[in-house]
Structure formats: C-alpha cells, structure tokens
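Colleague: I'm new to this one and would like to learn how to read its features. Could you take me through them, one kind at a time?

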Amino acid sequence: MSISKNISLIEGLENLGMNNESYGLRWVSDKENEKGEEHIYLALEQAERFNAKAVYFRFFSEDIHPPRPQIYIYEYSEINLAQNTPAQIHHHLWNAGVVPYAFIFSESEVLVYNCGLKPDWNKEDSQFTTKAHDVIDLLYDVQSKIEQYHARQFDSGLFWDSSVGNNLKYGQSAYEQLLNELKNAKSNIISQVGHDKALLVKRVLMMLILIKYLEDRKDENGSGALNPKEFYKDYIQSDPTLEGVLKNVETFSNMLKDLSSKEHFNGQIFYLSQEERIELSRIDLRVFQLFVRGDAAIFQSSKHGLGNLSLWKLYQFNYLPIELISHIYEDFLADENGNKKKGVVYTPPYLVQFLVDRTMPLNTPKEDFKVLDPACGSGIFLVGAYKRMIQWWRIRNNWKKPTRENIDELKALLKNNIYGCDLEEEAVTLTYFSLGLALLDALSPKEIWKNVHFDNLIDHNLISGDFFKTLFENKLGAHFDLVIGNPPFEERFTDWATLVDDKSKSEDAERPDVPQKQVALLFLEQSFKLLKEGGNTCLILPAGPVLYNTKVHNFRSYLIETNRFKTIFDFTPLRAKLFIGSSSSAKPAVVAVLAENNAHEEQPIQHLVFRRTRASSEKIEFEIDHYDFHWVSFQRALSISRVWQANFMGGGRLHNLMEKLSSISSLQTYLEDKVENHNWKVAEGWIESASSRYIQRTNTLSLLDVYNEKEKQEFEKLKAKYEAKWLTGHPFVETDDFTEKGILKTRACEIKYFYRSAKTNKEIFEPPHILVKESVVGEKIAVHYSDKYLTFKDQIFGIHAPKGSENKLKQLKKNLGNKYNVALMWLSSAKMITSREGVANKIDILSLPYSEENLTINPIEEVLLDDISKHYSDFRKQGEKSEILNTANSNDLELFGKMYCKILNSIYDDLKPLDPVLGNDFIAYPFILGDQPEIEIPDTISGIESKLHKLLDHQVSYNLWVKRILRVYHKNVIILYKPNQKRYWLRSIAVRDADETFSDLYNQGK
C-alpha cells in the first residue's frame, strides 16, 4: 500500500507535527534511500524487524549524538492480529529497549505504548494483555493530548521533562528487570544447595544463560544459532531439550565438553574441571531444570509473581541486547564464597555506545583499525567496537548482510583488530565468548553454531594477567588506532605497575610522580605508548583525581603538554545516576578523556559537562546544551588548575575570576603560616564518646565510694588521660545551636571525661578566638568571633590568636562570613563537586582562596557567584528535581533582559528589551537597537517561530526545536529563542549570551 493512500495515518501524523515535511519522520519502506545517513539506515533496518511502518527520530543540534529513534509508528489496519497483537508488539519492544514509544494509528485515535513499562499478562493462560498506556483522540484531543505528544516535544527533548515523559522508568526496563530476576534465582539456588557451592552455582547459571541465548537468538527467518531439537538429540533422544540434558550430570558435562571443543566455541567458557563435575554430582539438578524452564518457583523473591508465565517467555534473548551478557557476568562475578569481587564496576551500555560513536564514527568506515581495551572486564567495549567494525564492513559492501560466505572475513576482522587484557581469567574467557556471539549475531541467516569454528584468541588477542606486565614485556606493540576502556580506580600500584612507573620516570626526568598512585592515571599515560601516531585513547577515569583535584595538576599538565588532548566528556553531574544498575555500590564521578598520540599545536581542549536531567537520569539520552560546551585554551589548562570547576559552574567569565583567584593562596596555607610563625592555634573541638569502653570505665570507677589498690591506680591513670578541667564547668556551644545567624545559646559543660579533649591545642577555647562550623548547609559559613572563654565540640573548629591579633581575627571572621564563600567553595573544592552532593565541610572551607586584604569581586562576578549559590549548586544536588528546570517566571525574564542589555550597552548604548513572547515550551525574547523595531514582531510563539523560519532560510540544522537555543539578528532586532526553563534565563546566562552576541555582531562588522 503506498503512503499517499493512508489518509488517516498521514492526517494523524500531521496533527502531531510529524508530517512528511518533518525532518524527524522516516518511513521504513524508504530505507534504501537512507544509505547515506548510516545511523538512520541501521535504525530503520532494526524497525523493520519489528514490523514498524515509520520511525520518528530526534536529531541533535550539536555533533555529539547520532539521531535517536523516539517512536515506532504502526498502522492498526496493517497489523496481523493473529500473529502480532499490540500487546505483543509492546512486549517485543520492551525486551529490545530500542525505542521509548510505539504509536499505533487507527482512523480516529492513536494508541500510545510506553515501551519502558513492564508488560501485563494473564496469569492463567500466559497471554500478554498490555493495553495502551494512553490514547490520543484525533477528533477531539485538539490541544491538550496532542500538545503532550507533539513533534516539538520530542525534537527538543522537553518531552522527557513533562508529566507524560516522567512515566518512562529505567528500573522497569527488561534489561534491569531481568538482572533482578537472575539475582533472585542465583540467591535462591545458592540457599538451597549450600553457600559452599556458590561459585559452582554461579558458573553453571552463567553457562545455562549463554546456552539459552544461543537457543533464542533468531533471524528474520526464524533460524537460530543453536537448533535445540537437532543439538540435544545427540545427548538425550527421549527429551531433546536443555531441561532434558539436565536430568543427568554426566550428560550435561559431556554436552559442555563438546561446546568447549575446538570444533565449536574453542574456549573455556563451557569447561568444567573434574573436581567441579564431582561437586556438581552432589547437587540436585532439578533446581537448574526449574531455572531453564523459567519456573516461578526458582524466582520466588521476585517482586511481581509470574503465575504460569515462564520467565523465558517474559524475557526473550531474541530481542534483548547482546550487551546484557556482559552485565549478567558482572553481577555474577564472585569469589569462592559467592561474594562480589572488590573493584568490579560495570560500564553502562549507553555510555559504551556513546564513546564508540565518538571514537569510531559510523560514517567514516575503516578497514584496518586496531582496538585495545587494557582492562576489558567481560568485553563490553570490545563487543561495541567489533559490532562497529561489522557495520563498517557492511557500509563498504553497500550494506550487504554477512552470510556464511563472509564468515572468514568477519573472523579476520576480529583476529586482526580486537585486543584486550584483564586480571581476571574468567573475564577474558567471557570476552572471547561475547565476541563470538557478536559474530554469530551479525550473520543473516543465522548460522548453526557447528558451522562456525572460532579462532582461539586467548593468549593472543585476549590476555589474562596484569596489563602492566604485558606492557613491560612489550607483548602488545605500539600499533593501535584506539585504546578504549574503563580501567580500575584504585589508589595503588601492582608490582608490575610500579616497574612501569619507575621506567617512565627514568626515561623522562621532567615527568612528575603519579599523584596518590592513582592507577587510572598510569593507564592513561601508558595508553599513549601503545598508539600509532594519530591514534586516540578514550578512557573512563575518576573525575576527582583526573580533573578537579588540584594535586593532580602537574601530572595532568605533563600529559597535556606531551600529547594532544581533544575532548573531556564530564559525567560528574550524573554521579548518582550513571552507574545505577551496576551491582557495585560504587557511584563514582567520572570523566572520559579523548586524546591523541600527536604533538599538540596548543589547540584548545573541549570540555563537555553532561547535566543531570530527566533524560540522562533514566538513561534515555545524555542531554547537553549550548551552555554545557566549553573550550579551555591550552595555556589556561596548564596555568589554572581549577579552570574545570569554572566550566562545571557555567564557564564564560568565570574563567577570568578563576584566573584572579589562582594567584591567591588558600585559607589552609594562610593558617599554616600563622600557626608556624605567629603562635596561632587551629584545631577541632572536643569529643565525649560516652559509649567508648574507656570513658564508660572511667565513669564507672568515678562512682565508687571505696577503691581497692588496683582500681585506684586504674582510675588515676584513666582520669589523668580523660579528665579535662579546661572543659568541665566551662560554657560550651552545641553544634546545632551554632548557625550562620550566630550562636543561639550556650550552657555549662557538665561532662567530666572526654575521649578527645584538644589538650595540645586547648588555647582554641581561649579568647580571642573564632569558631567555624564545619558543615555548611545554608547560604553562608557559620562563623563567630568571641572575646570570652568558650568550648565546643569536634564539628566546629577554633582559631585562636595571641593578644594583639584581635583585628586580624575579626577580619578573618568578616571574610569567612562573606556571602560569596559558598559559591567560591564550589569553584575551589574537588570534593563538593565529585563526591558529596554539595555539602561543604572543613576541607572545603580551608580550600577557599584567602588574603588579609578584601577579595575584590566586581558586579558581574557577583552575578555569576550569586547564580552558583542559588541555582547551579541546587542543580548539582537535585538534578532533574531542581527548581532550575521549572518554567521561567516574569521576574526571571525581566532580570535576564536587564542584564543582557547592561552588558551590551557598554558598547551599543541603546539596546532595549521588548516584551518576551511565551509559549508552553519555548520563549522568544526580542531586543531592539533604537526606539522602534524595523521588522514586525509577532505576539504569539507560533508567529515568532514562523518568522524565524523565514529569517533563517534553512541556515539552522533541522528545525528550531532541535536547535533549542538561537540568537537571530535582523535589521535592528535581536531575538533570543530558547526553552521555557529557568536555567536558560538566569542572569549569568544573560552575561554569556551578551558576550556571544557581541562576538557575533563584531564578526558581522556591526
């Protein structure tokens, strides 16, 4: 049926802004015309597998993401309901995780299916019954519903911040739900067979999952990599199933032995030792039969009961992504007691794909491209790289799908180009198997496993052992085009790492020490030595040690000077969300460094800060805007250690402020000088620790009326140690009674014995002194000057100065009470940004720049610091729940307009704001030079958008909603067009917009 005859579908799409003129709408039937847009072609090919009629894509204004499918579009009249009901379509798409929504169009309505929500099913007959999660009535929902699902919402990404978009939850994805089910099964089986067999249980379950994967993975013709009826009959003719094979340990062991043979998978993934076979014979295999049957009994702690539904009907490896295998392994990796191994952190697939897209662009296919992951784990980066190489092969061969005749070519791609190393032998084995699965997955039609004989890559391409040993012994050579991965974040060197480190120092006398033995930094440095000239390294690294900790500045500068740093992808704001789904409790702040083995030419370094929005929190997309793009000049990267903090908090003129602050010593340095040379005292207050056994014993002895000699000696000894007459009976302040408004009350200390009494620094309680509260929860640091004796607990630190230094203490108190200090701590403290969610403490206070002279902050810098205190700090802490993502109000816009004009009028004199034109999703803010606009300015957002389209004349990629942030100049009018969210209309953003406007006008000769 031709598209032109589908009047109801075309009109329905038009109502939603998704007509044939929309850049985001692509028809599956036009797939062959999209071969020039590689990502579009692959997405349409995938949509064809799910029988979609069209796909609606989101395009991105900056060259960061390839286009992403947002909606699969179906026409109800063309669905074969006998084979594929809407509920089944939803079930398949939920498993695949390839698209967030499916729209099924009928003559008068659209059935909206949220593909992130778990399916519903009838527990009696196991049929899927999921009903549409929403319905758009095309005849009556003229405004409300249509606006909710309009194309502009998806084009701009604002859909994910809406009440409807909030219904997509990563935790309900098939990927995440199956991982939870498998964890339950593992725990249940271990509890039944005994914890002493935990390691064997984990290995057997992993093998069974891999075999299920081979069974289920099918092509468009229904052919699979492993035909159960053909395969299992060689082992048990009466019941040729995996469940049947599991009736007998010997039968199961023989099958595994065959799978491990050179004729088949040629590796150890299915290997059981003789000891393991004997141990397996002591286990009732019925627990594993229940597992492969998907019986609810073995998943008993599952949150949602399965009823009669088999787990393997709900979760289908035919649709689930291949990367799931790596994640399952990461969750199952255990020591001999079944416990998680320390330091195992799983890299999320969408982060892997993002970095593969950046380092191996789909539209630049290469034939000889060698990739190394130096800490490959279960191979998720190498699988991603190999899949990209297969896609490149297809592009070079006019998108031909590999068949049996091409197996040798694909095997050669693997053997000649993919390399990995890991400490864990089991991880290397699974990497090998996962790469084999990726090869099988690429073949069409699917080849039976026995027709594909895998080369043994272990000990050749894939090396088990210490990467630094491999490096030291020069087993890898220096011929890689890309080193990519996620090395460990530990602060320790292995013996081999120490040897490599020592060798590097001996080869270059200028090379600084690796700070705090951060092994990830050593991985980064050594990766350059493995690259061809012009090759790239792209490693995920801890953000603090690499970027924000000033102690690493010298080493980082050394690397920047000796290589070409291109881009730093900063995922620090996503710390609490990026690694959700990993069984590791670690939630590190990370960056990915993209650098080239080449001489720098002092090019600037791109620094991209990925904000925590709803889309990024739910792993839909990495959201990044114009204001998150920063360029750091080569010289600034070398000279200003905290330039990255400036970008994190907004960039722009903050760089100038950081340059000013870089010449000022920290408060800690100031106080250390005062302590060493001027007899000041700085220390924390006292600790009672009443529960301490020593304090309890002292109190117990103090209550005795009569002592024996031993008790008397013990009491005297304890009293001498824990009694503090300079505290007992003296006034003290409770920590909670000390706020930024001052000390609310004091009282006499009735405690007699103290675990820590500040004995060596007891002068801190004597006047003149100031008290500083260590936790900063308000807008200011709580600081108090006192000319009286006053004691305090350990969550407060005191600063005492000798008589005659009162004025210096008062000045210090005044400076610490400055309202801009909280913002300055965000700019000076690595810990606030990377670990704690913005709660400052003593370390952060001591990191503040400090001079006895008043710090001069100009009015523009005051605006920047004010927005950090009020808005950016909250955005860092609250993410998608921050008020900065709410709509802008009239006061926000008025202040924005005044600031924008104030900056530009320092040059142009007569720029004035007109009334902003508000829409639900976007705001257009016009400004004029002079008294009257020389063009007509519409008073509705739709009128403004129409006007902008005419003015731009297709200069902007795709459409206004995709671009999101525009500055348009025509005659004497400037129009700013941006989303209706407060974060785009802050005064600090007005400063950056004004600076960029001046640059635009200057370049235009105005």
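Colleague: Let me start with a single side chain: is Phe565 buried or exposed?

Modeller: Keep in mind that this is a predicted model. Phe565 has a relative accessible area of 6%, and buried means under 20%, so Phe565 is buried.

Colleague: Which ring does Phe565 pair with, and how do I describe the pair?

Modeller: A pair of aromatic rings is described by the distance of the centres and the angle of the planes. Here the partner is Phe528: the ring centres are 6.3 Å apart and the planes are at 35°, so the pair is tilted. Phe528 sits in the loop between helix H21 (519-527) and strand S11 (531-542), while Phe565 belongs to strand S12 (residues 564-570), so the pair ties together parts that are 37 residues apart in sequence. Phe528 is buried too, at 5% relative accessibility.

Colleague: How many aromatic pairs are there in the count?

Modeller: The count comes to 58 aromatic pairs. One of them joins Phe231 and Tyr235, and it is edge-to-face, with 5.5 Å from centre to centre and 70° between the planes. Phe231 has a relative accessible area of 5%, so it counts as buried.

Colleague: Which rings are linked into a cluster?

Modeller: Ring pairs link Tyr101, Phe103, Phe105, Tyr149, Phe154, Phe159 and Trp160 into a cluster.

Colleague: Rings and charges next. Where does the charged end of Lys762 sit?

Modeller: Over the ring of Trp726, 4.5 Å from the ring's centre. You can look for another case at Lys978, whose charged end sits over the ring of Trp985, 4.4 Å from its centre.

Colleague: On to opposite charges. What is the idea there?

Modeller: Side chains of opposite charge can pair when their charged atoms come close. In this model the count comes to 64 salt bridges.

Colleague: Which residue forms a salt bridge with Lys982?

Modeller: That's Asp892, and the closest N and O atoms are 2.9 Å apart.

Colleague: Which residues are linked in a network of salt bridges?

Modeller: Look at Asp501, Asp502, Lys505, Arg511, Asp513 and Glu525. Within that group, the side chains of Lys505 and Asp513 meet at 3.5 Å, N to O. Lys505 is partly exposed, at 31% relative accessibility.

Colleague: Let's turn to the backbone. Which peptide bond is cis, from Pro767 to what?

Modeller: The bond from Pro767 to Pro768 is cis, with omega near -5°. Pro768 lies in the loop between strand S20 (747-748) and strand S21 (769-773). That S20 to S21 loop also holds Ala758, which has a positive phi of about 55° although it is not a glycine. Ala758 is buried, with a relative accessible area of 10%.

Colleague: What is the phi of Glu602?

Modeller: Positive, about 60°, and Glu602 is not a glycine either. You'll find Glu602 in the loop between strand S13 (590-596) and strand S14 (605-609). With a relative accessible area of 45%, Glu602 is partly exposed.

Colleague: Last, the surface. Which residues make the nonpolar surface patch of about 330 Å²?

Modeller: Ile907, Phe998 and Tyr1002 make that patch. To find Ile907, go to the loop between helix H37 (890-904) and strand S25 (911-913).

Methods:
Residues numbered from 1 in each chain as written. Predicted model: local features only at pLDDT ≥ 70, side-chain atom pairs only at ≥ 80, totals over all residues. Heavy atoms only, no water. Patch = residues over 30% accessible without salt bridge, like charges linked within 9 Å, V, L, I, M, F, W, Y side chains within 5 Å. Areas by Shrake-Rupley, 256 points an atom, 1.4 Å probe, with all protein chains shown as cover. Salt bridge = Lys/Arg side-chain N within 4 Å of Asp/Glu carboxyl O. Helix = DSSP H or I, 4+ residues; strand = E, 2+ residues; numbered from the N terminus. Phe/Tyr/Trp six-rings, centres within 6.5 Å; stacked < 30°, edge-to-face > 60°. Buried < 20%, exposed > 50% of the residue type's maximum accessible area, 1.4 Å probe, protein only. Lys NZ or Arg CZ within 6 Å of the ring centre and 35° of its normal.
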